Amino acid sequence: MLSEETLERGERERVLETPCGPVAYGLENVIVKVTSISDIDGERGILWYRGYRIDELARHSTYEETAYLLLYGRLPSRRELEDFRGRLLASMELSPVTVSILRELAGVHPMFAMESALAAEGAFDSENQRLSEALKQGKYSAAEMKLAIKVAERLIAKLPIIVAWHYRLSRRLDVIKPREDLSYAANILYVMSGREPDPIMTRGMDLFLVLHADHEIPASTFAALVTASTFSDMYSVIVTALAALKGPLHGGANEAALANYMRVGDPAKAKDVVEAAAKPKGPRLAGVGHRVYRTYDPRAAILREFFTREFLPKFGDPDGLFSIASAIEREVLNHPYFQQRRLYPNVDFWSGILLHYMGVPREYFTPMFAVSRVAGWLAHALEYWENNRILRPRACYVGPRDLKYVLIDER
Ligand code: SDX
């Protein structure tokens with residue numbers, strides 16, 4: 001256990017020497033699987049999906065194509081992409097039970113609604129059950145892989161509908177079905193608002209989805225793998241990931257970063273805010289720092305560029321959020337505390353502002369992150385099943401042993 005004074009000082013060991021050997025706190029740098037899905041170079045700030053650099057995909061691809069790439073391991077032909085889009089669209093519907101659960105959960109935080117609705121949807125997905133039965137018999141060959149991909153595509157199709165219909169039902173609005181002529185990103189904004197989105201807004205949503213689609217093994221993906229490794233069902237794998245993503249140290253940071261900018265309210269106050277965070281036990285600046293990136297998160301750089309090149313020229317910065325965030329960014333980049341610890345803006349530093357300007361309420365930011373990341377979570381689960389082993393780490397016991405039991409009246 002960490003000593004009282006260590007905890008008090010707010011310091012944390014990175015690697016703790018124990019009688020059983022070194023413990024890497026937070027599993028820092030511990031390798032849990034081999035993958036060809038995504039890779040991060042934290043020193044140079046590079047992210048690859050299946051070997052393609054994220055800036056290439058951000059420039060040329062769409063979320064549908066990126067999700068296909070993550071799931072199938074290669075870019076689709078035009079025909080394959082059209083067929084994939086058609087299958088997603090055909091699955092963008094929910095069982096009546098799920099819709100009634102969303103109605104009952106109207107007004108609660110959407111992450112809770114997503115977890116409940118997805119569990120219900122999975123209970124009625126017969127192919128999800130069939131796959132789970134096969135896994136129980138230890139079968140995972142070509143037939144099961146095909147079934148798993150089908151269930152995975154349905155999950156990618158249903159998640160945005162769960163989010164958008166919860167948004168509508170929470171405002172006593174009728175639910176809206178997606179349109180065949182709209183892309184995945186445009187449909188998310190359309191099914192939420194009932195209006196066909198401006199092309200720049202669609203571009204912004206698509207970029208958000210491409211950038212968040214996978215990121216090697218963050219906490220939520222590791223959680224998904226733990227559940228997948230027990231041969232639980234695919235919907236439960238995603239429910240596990242949702243629960244992990246919800247935390248403010250992970251997926252909840254975009255919501256926290258926007259709340260911070262709104263609280264600061266004035267670029268001139270950026271210096272004080274950054275100063276307050278620049279101490280070991282100070283309030284963490286949401287959207288800053290990363291376990292792997294020791295430089296500017298490439299996804300954050302791409303979002304920043306989208307703002308300056310495409311978004312601001314057309315829509316401006318109506319709530320002043322971009323200028324507040326830019327002032328905070330300047331202070332962070334020039335502050336010795338952050339420089340010494342190599343803490344830079346991460347994807348959440350800018351993503352909340354983009355979602356806010358697209359009309360997505362703050363409590364739906366992490367759900368949108370999940371809508372994108374479901375492709376990566378599924379790809380990693382399917383890849384892990386190819387050589388499955390239940391994830392069962394050890395702990396180093398440092399407590400007493402063989403104590404004598406004392407009867408209660410003698411204590
Ligand atoms: C995501 O893993 C992924 O890939 C996640 C993600 C993905 O795509 O899946 O990239 C998405 O979750 C991005 C991160 C979003 N979270 C935040 O923005 C929350 C704020 N950031 C931090 O809490 C923190 O930086 C983490 C959680 C992201 C990383 O934490 P680590 O690697 O465990 O770092 P640490 O807590 O050991 O901090 C190291 C030092 C500490 O100071 P000292 O003890 O050395 O004096 O840096 C300090 C920390 O106090 N520090 C910060 C800080 N982040 C770290 N100080 C102020 N503000 C911050 N944001």
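This text goes through the aromatic contacts of a predicted model and then one of its pockets. Local features are given only where pLDDT is at least 70, side-chain atom pairs count only at pLDDT 80 or more, and totals for chains, interfaces and linings use all residues. Residues are numbered from 1 along each chain as its sequence is written, and side-chain values use heavy atoms, with hydrogens and water left out.

The structure holds 17 aromatic pairs. A pair is two rings of Phe, Tyr or Trp (its six-membered ring) with centres within 6.5 Å; planes under 30 degrees apart count as stacked, over 60 as edge-to-face and the rest as tilted. One of the pairs is Y72 with F84: the ring centres are 6.4 Å apart and the planes stand at 90°, so the pair is edge-to-face. Y72 belongs to helix α3 (residues 63–72) and F84 to helix α4 (residues 78–90), so the contact ties together parts that are 12 residues apart in sequence. Helices (H or I, at least four residues) and strands (E, at least two) are DSSP runs, numbered from the N terminus. Y72 is partly exposed, at 32% relative accessible area, whereas F84 is buried, at 0%. Here buried means under 20% relative accessible area, exposed over 50%, and partly exposed in between (1.4 Å probe, protein chains only).

F231 and W385 also pair edge-to-face, with 6.5 Å centre to centre and 65° between the planes. This pair links distant parts of the chain, 154 residues apart: F231 sits in the loop between α11 (219–229) and α12 (234–245), and W385 in helix α19 (residues 365–385). F231 is partly exposed, with a relative accessible area of 22%, while W385 is buried at 2%.

Elsewhere, Y261, F306, F307, F311, F315, F322, F349, W350 and Y357 form one aromatic cluster.

A pocket is an open set of points on a 1 Å grid over the protein atoms alone, where a 1.4 Å probe fits, with protein on both sides within 12 Å along at least five of seven lines; lining residues have an atom within 4 Å of a point. The lining has 18 residues, of which T18, V23, R394, A395 and C396 lie nearest the centre. β1 (15–18) and β2 (21–24) are the elements that give two or more residues, and β2 gives the most, with 4.
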